[in-house]
Amino acid sequence: MAITNTESRTSIDAIIENIYRINTPVGKFHGGFSFNQYLLVDEQPLLFHTGPRKMLPLVCEAIATIMPVEKLRYIGFSHFENDECGSINDFLRLAPEALPLCGAVNARVNADYFDRSAKALADGESLSLGKHKVRWIDAPHLPHGWECGYLFEETTATLFCGDLFSQGGSDHPPLTTEDILGPSEELRSKLDYYSHTKNVREIMTRLAATEPKILACMHGSAWQGDGARLLTALGEALDS
């Protein structure tokens with residue numbers, strides 16, 4: 001791993017060309033935990049998830065090893081929660097041309113929180129970043145609030161899948177081909193953090209239809225392989 005802060009053990013590593021995982025391990029929460037953000041470098045760079053506010057210096061320090069923080073154009077996130085967007089207004093101050101990037105529901109119900117109006121994407125709407133194109137997919141209540149959704153990067157077939165496949169522990173490689181469904185289900189058995197939406201199979205079918213090759217998870221390793229198969233398996237586990 002490319003360590004950017006020796007005290008916190010924050011690191012930044014490419015999971016595929018021009019997409020980087022920023023990772024910070026934390027505490028002893030259920031045997032350790034970690035927070036990830038993803039930096040997509042392009043003509044209009046995107047940071048997906050900000051981390052909690054107190055992690056801002058660590059995340060900025062990692063970004064600065066790849067590009068100037070002030071050049072960020074979009075700050076994306078899956079749902080409205082501290083580790084997803086806690087420091088978004090700090091990033092908006094540091095990057096004067098950046099906009100929040102989220103789903104239409106989020107942009108409407110949380111509009112007052114953002115210091116700059118969000119770029120809202122409708123379900124299925126795409127946005128070009130230059131060589132890359134991201135598409136928003138609504139996923140209400142999977143696993144959290146009404147406003148939840150995910151970004152799919154079409155060029156690399158990378159799904160920024162937020163809290164899906166969250167893995168406990170704090171020592172994970174940036175990218176793995178090993179099983180992450182088992183560890184994520186083990187964590188879910190200890191922490192029932194899913195909403196148990198009645199639409200889980202329908203939403204998972206839509207996510208699987210993107211046929212992702214990389215799942216960029218919020219907690220733990222990113223994963224490479226047959227993403228459609230793994231998403232379908234998660235849907236079956238959640239609906240069982």
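Predicted model: local features only at pLDDT ≥ 70, side-chain atom pairs only at ≥ 80, totals over all residues.

User: Where does E211 lie, and what is its phi?

Analyst: E211 sits in the loop that runs between α6 (200-208) and β14 (214-217). Although E211 is not a glycine, its phi is positive, at about 50 degrees.

User: Is H141 buried, partly exposed or exposed?

Analyst: H141 belongs to the loop between β10 and β11, and it has a positive phi of about 65 degrees although it is not a glycine. Its relative accessible area is 35%. Because buried requires under 20% and exposed requires over 50%, H141 is classed as partly exposed.

User: Which form does the peptide bond from L142 to P143 take?

Analyst: P143 is found in the loop between β10 (133-138) and β11 (149-153). The peptide bond that leads from L142 to P143 has an omega near 5 degrees, and its form is cis.

User: How many residues of helix α1 are buried, and what covers them?

Analyst: Helix α1 spans residues 56-63 and is mostly covered. Its buried residues are L56, L58, V59, C60, A62 and I63, and what covers them includes β1 (3-5), β2 (10-16), β3 (19-26), β4 (33-40), β5 (46-48) and α3 (88-94). The count of buried residues in α1 is therefore 6 of 8.

User: Which element gives the most to the largest nonpolar core?

Analyst: The largest nonpolar core has 58 residues, of which I63, L72, F91, L164 and F165 touch the most other members. The element that gives the most to this core, with 6 residues, is α1.

User: What does I63 touch, leaving out residues up to four places away in sequence?

Analyst: I63 is one of the buried residues of α1. In soluble globular proteins, nonpolar side chains tend to be buried together. With the residues up to four places away in sequence not counted, I63 touches I22, L39, L47, V69, L72 and F91.

User: Is S184 buried or exposed, and what is it in contact with?

Analyst: S184 has its place in helix α5 (residues 181-190). Its relative accessible area is 3%, so S184 is buried, the cut-off being under 20%. Leaving aside its neighbours within four places in sequence, S184 is in contact with F165 and S166.

Technical notes
Residues numbered from 1 in each chain as written. Heavy atoms only, no water. Buried < 20%, exposed > 50% of the residue type's maximum accessible area, 1.4 Å probe, protein only. Helix = DSSP H or I, 4+ residues; strand = E, 2+ residues; numbered from the N terminus. Contact = heavy atoms within 4.5 Å. Core = buried A, V, L, I, M, F, W, Y, C linked by side-chain atoms within 4.5 Å.
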